[in-house]
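Dear colleague,

Please find below the structure that I am handing over to you.

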Amino acid sequence: MDNLTNEQKHLLVSMYKEVLSRQPALSFDKANYFRDSDEVRDLFSPSDSSDYVSDLCWKLHYKGYLICRPGDDLANDIKLTDETIIYMENKFKNGLKDVVNFLTKFIP
């Protein structure tokens, strides 16, 4: 994740945290699914514009961290890639506890 801005890192880790939080109530595939970049915005960046969050998602897609499809000026059918999940699992060995500690570094 050395090729990401802090904002991109924050969004990715926030999405990973959400995936972990959704389990075990949902299967991994369902937990790792976000309808579109507007849903991502509503969950993690409500003060940002739809275009801005969509652009963040596309940048992460082009760098190989997210899978998404275009449509309606949004990123759609968003999922963390397997490589992203593997990276997160290795980085955050204690799961949610480590993820939350990482995210608190971004709180001003």
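Predicted model: local features only at pLDDT ≥ 70, side-chain atom pairs only at ≥ 80, totals over all residues.

**Cysteines**

Counting as a disulfide any pair of cysteine sulfur atoms within 2.5 Å, the number of disulfides is 0. Cys57 takes part in none, and the nearest cysteine sulfur, that of Cys68, lies 6.2 Å away.

Residues are numbered from 1 along each chain as its sequence is written, and side-chain values use heavy atoms, with hydrogens and water left out.

**Helices H1 and H5**

Helices (H or I, at least four residues) and strands (E, at least two) are DSSP runs numbered from the N terminus. The axes of helix H1 (residues 6-22) and helix H5 (residues 82-91) come within 11 Å and cross at roughly 85°. Axes are lines fitted to C-alpha atoms, for helices over the stretch in contact, and angles run from 0 to 180 degrees between N-to-C directions. H1 is therefore roughly perpendicular to H5, a term for angles of 65 to 115 degrees. Leu12, Val13 and Tyr16 of H1 meet Thr84, Ile85, Met88 and Glu89 of H5, where contact means heavy atoms within 4.5 Å.

Arg22 belongs to helix H1 and is buried, with a relative accessible area of 13%. Its side chain reaches the backbone oxygen of Tyr33 at 2.8 Å. Leaving aside residues up to four places away in sequence, Arg22 touches Lys30, Ala31, Tyr33, Phe34, Glu39 and Leu43.

In helix H3 (residues 37-44), the buried residues include Ser37, Glu39, Val40, Arg41 and Phe44. Among the elements covering the buried residues of H3 are H1, strand E1 (34-36), helix H4 (50-62) and strand E3 (74-80). The N-terminal end of H3 is capped by Asp36, with a side-chain oxygen 3.0 Å from the backbone nitrogen of Asp38.

Yours sincerely

Definitions and conventions:
Parallel < 35°, antiparallel > 145°, perpendicular 65-115°, else oblique. Buried < 20%, exposed > 50% of the residue type's maximum accessible area, 1.4 Å probe, protein only. Polar contact = N/O pair within 3.5 Å; in protein donor to acceptor, adjacent residues only side chain to side chain.
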